[in-house]
Amino acid sequence: MAAFGKIDIPDHEVEIKAIRAQGAGGQNVNKVSSAVHLRFDINASSLSDIHKERLLKLHDQRITREGVIIIKAQQYRSQEKNREEALRRLHELVDSIVELPRKRKPTRPTASSQKKRLDSKTHKGQIKILRKKWVSEPMS
């Protein structure tokens, strides 16, 4: 069981595959599978229903429509470091939904702020009226 943050995720629920890294790296990048592809199925996990629901509601590009978190780690040359980095990112994502966001207390604008706002609107309206061209009355 990997215990990084607030929620423990059993190792058997996380699928990790070694793949070849992209980008620069010389000949080594063509021979060694040092990048890591991590998959975590939210719906099939042992997380509580509340946490599953909150994870699925996140608008994160790493979460597919099917509810699978996909993380690709290829920052390091070592496969083990990339594996640790992928697991760290997974736990960071899962731990982000543990704490409930604070409820917003609705507030009312103060009387002085309302007066300032209305005075500002009146002032701007007067400026716009002064910008108009004055048309003199036709001479008959």
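The model is predicted: local features need pLDDT of at least 70, side-chain atom pairs count only at pLDDT 80 or more, and totals for chains, interfaces and linings use all residues. Residues are numbered from 1 along each chain as its sequence is written, and side-chain values use heavy atoms, with hydrogens and water left out. Confidence is lowest in helix H1 (residues 28-31), with a mean of 60, and highest in helix H4 (residues 111-131), at 95. Where pLDDT is low, the predicted coordinates should not be read in detail.

The protein contains four helices and three strands, which follow the order β-α-β-α-β-α-α from the N terminus. Helices (H or I, at least four residues) and strands (E, at least two) are DSSP runs, numbered from the N terminus. Of the 140 residues, 26% count as buried.

Helix H3 (residues 79-95) has 17 residues and spans 24 Å from its first C-alpha to its last. This is close to the expected 24 Å, a value given by 1.5 Å times one less than the number of residues. Among the buried residues of H3 are Asn82, Glu85, Arg89, Leu90 and Val94. Strand E1 (14-19), strand E2 (35-41), helix H2 (49-57) and strand E3 (68-73) are included in what covers the buried residues of H3.

The largest nonpolar core has 19 residues; such a core is a set of buried Ala, Val, Leu, Ile, Met, Phe, Trp, Tyr and Cys residues joined through side-chain atoms within 4.5 Å. Val14, Leu38, Phe40, Leu55, Ile69, Leu90 and Val94 have the most contacts inside this core. E2, E3 and H3 each supply at least two of its residues, and the largest share, five residues, comes from H3. Leaving aside neighbours within four places in sequence, Ile69 is in contact (heavy atoms within 4.5 Å) with residues including Leu38, Phe40, Leu55 and Leu90.

Conventions
Buried < 20%, exposed > 50% of the residue type's maximum accessible area, 1.4 Å probe, protein only. pLDDT = per-residue confidence, 0-100.
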